[in-house]
Amino acid sequence: LRPVNSMVEFKQIVGRGTRLFDGKDYFTVYDFVNAHHHFQDPEWDGEPEKKEDGGNRPGPRTCSKCNQKPCICEKPEPEACSECGNLPCVCDNPPKKMIKVKLSDNNFRQLDKMVKTSFWSPSGKPISAEEFMKKLFGDVPSLFKNEDDLRKIWSLPGTRKKLMEELNERGYSTEQLESLRKLIEGGANSDLYDLLAYIAYNKNPIERSSRSEKAKIHFNDYNAEQQVFLNFVLDQYVKTGVSELDDAKLPDLLELKYSSITDAKTHLGDIKTIRDTFIGFQGYLYETG
């Protein structure tokens, strides 16, 4: 800050403040000693603009186009992105690019083109995901008769495990099936059952969380303690997958929930009752309708 000694110098200061640029609609001159009283020139400066509501800054100027204060001119309509052609732009979150695979039932299945995963034939030869899918579709009739048969097999830990062993013997390891599940549209959070139903019968995958919530309508068939345990099992299933429903997993689940098998029996009854509850409820996860 420095003292202003002449009319010319004062007007130079004001002149610099009046330089225009986008977004600037006022400027402020700080005059701590009321020097402006010595340089008032109404013929050059005009009458001072009144402040709104006693504030320290003048209000917005009247727009030269719409003659309103503040301006109410309509903003230009947004335009579609020049790259993706969408409004709003989806360049940062592009839709998935899918590959259509035609199987011998004359229907198409879709695979995510952007995910790169390696598959192998039973002889150890690298093959594409499309070839792997076609081969699996060809082997399905010898593994289960129809969709109801698949559902019945998959609803019980024992028969489900046997089916997975048969698939592995034919060259479809659990790891490769899980990789293929993640490639199908809507399959990322689904069940391996959904992969098999999609390949064999073109059924859309269902997320594990949706299966879980739908199965809970049968909770009334169980007492309060059993409902608590089943809810815990379903949470593990949603987080991890169908492996949490294996018969061999039951002891681990009981210890994780109740700290010991003895404490679990206190809440849920004898081992047979616990096992029947654990296995019997699984059928509701794969019900139709």
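Predicted model: local features only at pLDDT ≥ 70, side-chain atom pairs only at ≥ 80, totals over all residues.
Most residues other than glycine have a negative phi. With a relative accessible area of 55%, asparagine 106 is exposed, because the cut-off for that class is over 50%.

A positive phi is also found at asparagine 202, where the value is near 55 degrees in a residue other than glycine. Asparagine 202 belongs to the loop between helix 7 (192-201) and helix 8 (208-215). Its relative accessible area is 31%, so asparagine 202 is partly exposed.

## Overall composition

The protein contains twelve helices and four strands. Its chain has 289 residues, of which 32% count as buried. When contacts between residues at least 6 apart in sequence are considered, 53% of them join residues at least 24 apart.

## Strand 3 and tryptophan 120

Tryptophan 120 is part of strand 3 (residues 119-120). Its relative accessibility is 40%, and it therefore counts as partly exposed.

Once neighbours within four places in sequence are set aside, tryptophan 120 is in contact with Lys125, Pro126, Ile127, Phe132, Gly171 and Gln176. Two of these partners, Phe132 and Gln176, also take part in the meeting of helix 3 with helix 6. The C-alpha atom of tryptophan 120 is separated by 9.8 Å from that of serine 173, a residue 53 positions away along the chain.

## Packing of helix 3 with helix 6

Two packed helices are described by the angle between their axes and the distance between the axes. For helix 3 (residues 129-139) and helix 6 (residues 174-183), the angle is about 110 degrees and the axes are 11 Å apart. An angle of 65 to 115 degrees counts as roughly perpendicular, and helix 3 and helix 6 are therefore assigned to that class.

Helix 3 contributes Ala129, Phe132, Met133 and Leu136 to the contact, and these residues meet Gln176, Leu177, Leu180 and Leu183 in helix 6. By class, the contact of helix 3 with helix 6 comprises seven nonpolar residues, one polar residue and no charged residues.

## Packing of helix 10 with helix 11

How do helix 10 and helix 11 pack, and at what angle? Helix 10 (residues 250-258) and helix 11 (residues 261-268) pack at about 85 degrees, with 8 Å between their axes. At that angle, helix 10 and helix 11 are therefore roughly perpendicular to each other.

On the side of helix 10, the contact is made by Pro251, Leu254, Glu255 and Tyr258, while helix 11 supplies Ile261, Asp263, Ala264, His267 and Leu268. The contact of helix 10 with helix 11 has six nonpolar residues, one polar residue and two charged residues. Glu255 and Asp263 belong to the charged class.

How many cavities of 30 Å³ or more does a search of the whole structure find? The search finds one, and the largest cavity has a volume of about 50 Å³.

The largest cavity is lined by Leu230, Val233, Leu234, Leu245, Phe278, Phe281, Gln282 and Leu285. Helix 9 (224-240) and helix 12 (271-282) each provide at least two residues of this lining. By class, the lining has seven nonpolar residues, one polar residue and no charged residues.

## Asparagine 231 in helix 9

Helix 9, which supplies part of the cavity lining, also holds asparagine 231. Is asparagine 231 buried, partly exposed or exposed? Its relative accessibility is 27%, so asparagine 231 counts as partly exposed.

Residues up to four places away in sequence being left out, asparagine 231 touches Lys216 and Phe219. The C-alpha atoms of asparagine 231 and lysine 216 are 8.1 Å apart, and the two residues are 15 residues apart along the chain.

How values were computed:
Residues numbered from 1 in each chain as written. Heavy atoms only, no water. Axes fitted to C-alpha atoms, helices over the stretch in contact; angles between N-to-C directions. Parallel < 35°, antiparallel > 145°, perpendicular 65-115°, else oblique. Contact = heavy atoms within 4.5 Å. 1 Å grid on protein atoms, 1.4 Å probe; cavity = no way out; pocket = protein on both sides within 12 Å on 5 of 7 lines; lining within 4 Å. Points joined across faces, edges and corners; volume = space filled by probe spheres on them. Buried < 20%, exposed > 50% of the residue type's maximum accessible area, 1.4 Å probe, protein only.
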